[in-house]
Amino acid sequence: MPSPWLRRLSVGAATLGAAALALAATIAPAAADTGSAPLSHSTVVGLHNTYDEGAEFPHLANALDAGTGMIELDTWTDIFTNEWKVSHSNPTGNNNNCVNASKPSDIYTGSANKDLGSCLDDVKYWLASHPTSGPLYIKLEMKIGFEANFGMGPAQLDALISQHLGNLVYRPADLLNGAYPNLDAAAKADAWPARSALAGKVILYTIPGTVELGNPFDTLHTDVEYGTYLKNLAAAGNVGQAQVFPCVLGAQAGDPRGQYSDSSIKPWFVVFDGDANTYATSVDTSWYDTNHYILIMTDAQNVAPALSDTAPSQSDAAARVALLAGKHASVVSTDWTGLPSVLSEVLSRG
């Protein structure tokens with residue numbers, strides 16, 4: 001007959017085992033839910049200025065290989081060549097890690113420094129080889145804004161995106177699905193598809209650029225221009241042409257759409273982008289989650305305690321992503337190029 005201490009040990013082990021199973025039962029559904037629940041219920045990690053050519057990612061495809069859930073492309077409207085340039089600071093030249101690919105095997109070869117269309121081709125051909133990945137957010141910063149008077153406005157951007165990405169794009173019309181009067185109503189109804197249903201897809205959104213915002217002569221910024229264009233497309237029954245979600249830029253308390261004097265465009269904004277530290281310390285971000293809006297938090301490293309801009313420890317980076325997921329981020333934007341295990345994380349939001 002077993003001794004009393006052995007019996008106690010057996011009972012204790014059984015109790016611990018039962019507790020572990022119970023804990024696993026409470027955790028496992030949340031992890032699985034990131035695929036089956038609507039897109040608005042999950043948090044992913046993205047990379048700021050993903051196009052920058054360098055040792056970390058000599059090709060845009062290398063960044064996608066690292067698992068990032070969002071890429072950022074800084075875009076300039078070059079009205080002299082009618083080309084959508086991609087660079088950080090050169091308005092008339094391409095300076096990036098995009099190549100001129102025409103098939104999946106091309107995305108790691110050839111010379112870099114190509115235009116926006118080529119960057120989108122790199123994404124298209126990478127997804128062709130990774131059809132279960134995604135959805136991938138693509139952030140377009142319009143550095144100097146649109147130049148619609150010179151044939152480089154929202155309609156021309158949409159045409160370019162459609163030409164290069166085709167049916168890979170999850171569009172505003174897809175969220176509306178013919179059932180809602182505007183994007184706000186669709187988001188509040190949580191009409192977003194499940195992440196699993198968006199595998200192999202991209203979601204593009206656009207923000208005003210730094211040069212545009214600093215230009216005192218530019219009185220029509222990207223967010224207002226694309227929001228107005230989208231509203232007008234919908235009124236004309238042509239909302240299916242739109243390839244991009246307009247985005248409200250800047251973290252602030254309350255509904256930041258109050259900054260728009262034209263109240264008719266407000267319901268066409270369901271994507272928001274701003275500083276992570278402001279969101280984490282000064283804003284009730286549950287409002288975004290309750291309404292199922294997409295919330296991008298930038299510069300995740302600056303939330304106290306501040307982390308390395310580029311190379312925090314894996315544990316610190318993962319903890320920061322978890323913190324901001326709990327603060328209702330949809331995308332946590334970073335420069336942590338060397339942490340693929342963190343970049344590929346998908347967490348439950350909130």
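## P305 and the cis bonds

P305 sits in the loop between β8 and α11 (314-326). Helices (H or I, at least four residues) and strands (E, at least two) are DSSP runs, numbered from the N terminus. A cis peptide bond links A304 to P305, with omega about -5 degrees. The model is predicted: local features need pLDDT of at least 70, side-chain atom pairs count only at pLDDT 80 or more, and totals for chains, interfaces and linings use all residues. Residues are numbered from 1 along each chain as its sequence is written, and side-chain values use heavy atoms, with hydrogens and water left out.

Another cis bond runs from G134 to P135, with omega near 10 degrees. P135 lies in the loop between α3 (116-129) and β4. Most peptide bonds are trans, and most residues other than glycine have a negative phi.

## Positive phi

D299 is not a glycine, yet its phi is positive, about 55 degrees. D299 belongs to the loop between β8 and α11. Its relative accessible area is 30%, so D299 is partly exposed. Here buried means under 20% relative accessible area, exposed over 50%, and partly exposed in between (1.4 Å probe, protein chains only).

H292 also has a positive phi, near 60 degrees. H292 is found in the loop between α10 (286-290) and β8. At a relative accessible area of 17%, H292 is buried.

## Confidence

The protein averages a pLDDT of 91, and 91% of the residues score at least 70. pLDDT is the predictor's confidence in each residue, from 0 to 100. Among the elements, strand β8 (residues 294-298) has the highest mean, 99. Helix α1 (residues 4-36) has the lowest, 40.

Over residues 1-32, pLDDT stays under 50. For this stretch the model has four contacts beyond four places in sequence. Contact means heavy atoms within 4.5 Å.

## The largest pocket

The largest pocket has a volume of about 270 Å³. Of its 19 lining residues, H48, E72, K139, E141 and I207 are the closest to its centre. On a 1 Å grid over the protein atoms alone, a pocket is an open set of points where a 1.4 Å probe fits, with protein on both sides within 12 Å along at least five of seven lines; lining residues have an atom within 4 Å of a point. Grid points are joined across faces, edges and corners, and the volume is the space filled by probe spheres set on the points.

β2 (70-78), β4 (136-142), β5 (202-208), α7 (210-213) and β9 (331-334) each supply at least two lining residues.

## D273

D273 is in strand β7. Its relative accessibility is 2%, so D273 counts as buried. The side chain of D273 makes a polar contact with the side chain of K139, at 2.9 Å. A polar contact is a pair of N or O atoms within 3.5 Å; within protein, one must be able to donate a hydrogen and the other to accept it, and residues adjacent in sequence count only if both atoms are side-chain atoms. Leaving aside neighbours within four places in sequence, D273 has contacts that include Y205, I207 and T298.

## R257

R257 lies in the loop between β6 (244-249) and β7 (271-275). R257 is buried, with a relative accessible area of 5%. A polar atom of the R257 side chain lies 3.1 Å from the backbone oxygen of F269. Beyond four places in sequence, R257 is in contact with residues including D184, W287 and Y293.
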